[in-house]
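Hello,

Here is the structure I promised to pass on to you. Please have a look, and then read on for what turned up in it.

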Amino acid sequence: MDAKLAYWTAATLNMGVLLVFAASGIRRVRNSEVARHRSRMLTSVALVLGFVISYGVKLVALGREDLSIWSDAAIWTLRFHELCVFTMLLSGGLALRRGLALARTRALSESEDAPEPLPGALKGHGKAGRVAVFAASLGFLSACGVLSSMYGRALG
Ligand code: HEM
């Protein structure tokens, strides 16, 4: 298999796995299991960071894709996918920052000195997190579309 195709197949699988962790993290916090929510979400964040680093390595080692041979539909799917990933990175980064601040409050910490979390901080974190997970879901679906067009060109 072509190295670029193998790379994008692994990257799409990685995105599917991080979504499974994120969905499980949401279920945990809805069940009031904040520590488990934190660890599932941090695993998702680590998988996103792993992808970002691997993408830098891929650019150096394998270069960019040759979009001149892509159909218009495949290019638009790619642009939509990039927008989803960009939104996921921004809102996920915000949710992470707010989540790390919440971890120092009674939302997670059992320390006597820990302050109660502010309602606005809880709401803001949840909202940023939901936007990130929604963008990641659309990002995964569009990644599957981009990947299938790559397989179509490779096999066709
Ligand atoms: C780093 C440590 C984290 C802690 C301590 C934490 C804690 C919490 C807490 C206490 C809530 C409940 C908020 C409420 O009562 O309204 C919550 C909700 C949520 N968190 Fe986190 N979180 C963390 C990381 C993350 C990350 C990295 C993400 C995603 C990028 C995330 C996504 C979400 C989402 C989507 C919800 C809302 C779930 C729902 O719709 O019910 N969290 N988190």
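The largest nonpolar core has 17 residues, and those with the most contacts inside it are A22, M88, A132, A135 and A136. Each of α1, α2, α3 and α4 supplies at least two residues of this core, with α4 giving the most, eight residues. Do keep in mind that this is a predicted model.

Leaving aside residues up to four places away in sequence, A22 touches M41, S44, V133 and A136. A22 is also one of the buried residues of α1, along with M15, L18 and G25. The cover over the buried residues of α1 includes α2 and α4.

What about the length of α1? Its 28 residues should span 40 Å at 1.5 Å a residue, and the end C-alpha atoms of α1 are 41 Å apart, so the two values agree. Just after α1, S32 adopts a positive phi of about 65 degrees.

Now to the ligand. Which of the 26 residues around the ligand come nearest? They are M41, A95, G99, G126 and G129. The elements giving two or more residues to this shell are α1 (3-30), α2 (34-62), α3 (72-102) and α4 (119-155). Here α4 again deserves a look: α4 gives the most to the shell, with eight residues. By type, the shell around the ligand divides into 16 nonpolar, six polar and four charged residues. M41 links the two parts of this note, as M41 is touched by A22 and is among the residues that come nearest to the ligand.

Happy browsing, and best wishes

Definitions and conventions. Residues numbered from 1 in each chain as written. Predicted model: local features only at pLDDT ≥ 70, side-chain atom pairs only at ≥ 80, totals over all residues. Near = placed C-beta within 6 Å. Helix = DSSP H or I, 4+ residues; strand = E, 2+ residues; numbered from the N terminus. Nonpolar A, V, L, I, M, F, W, Y, C, P; charged D, E, K, R; others polar. Expected span 1.5 Å × (residues − 1). Buried ≥ 20, exposed ≤ 12 C-beta atoms within 10 Å, placed from the backbone. Contact = placed C-beta atoms within 7 Å. Core = buried A, V, L, I, M, F, W, Y, C linked by C-beta atoms within 7 Å.
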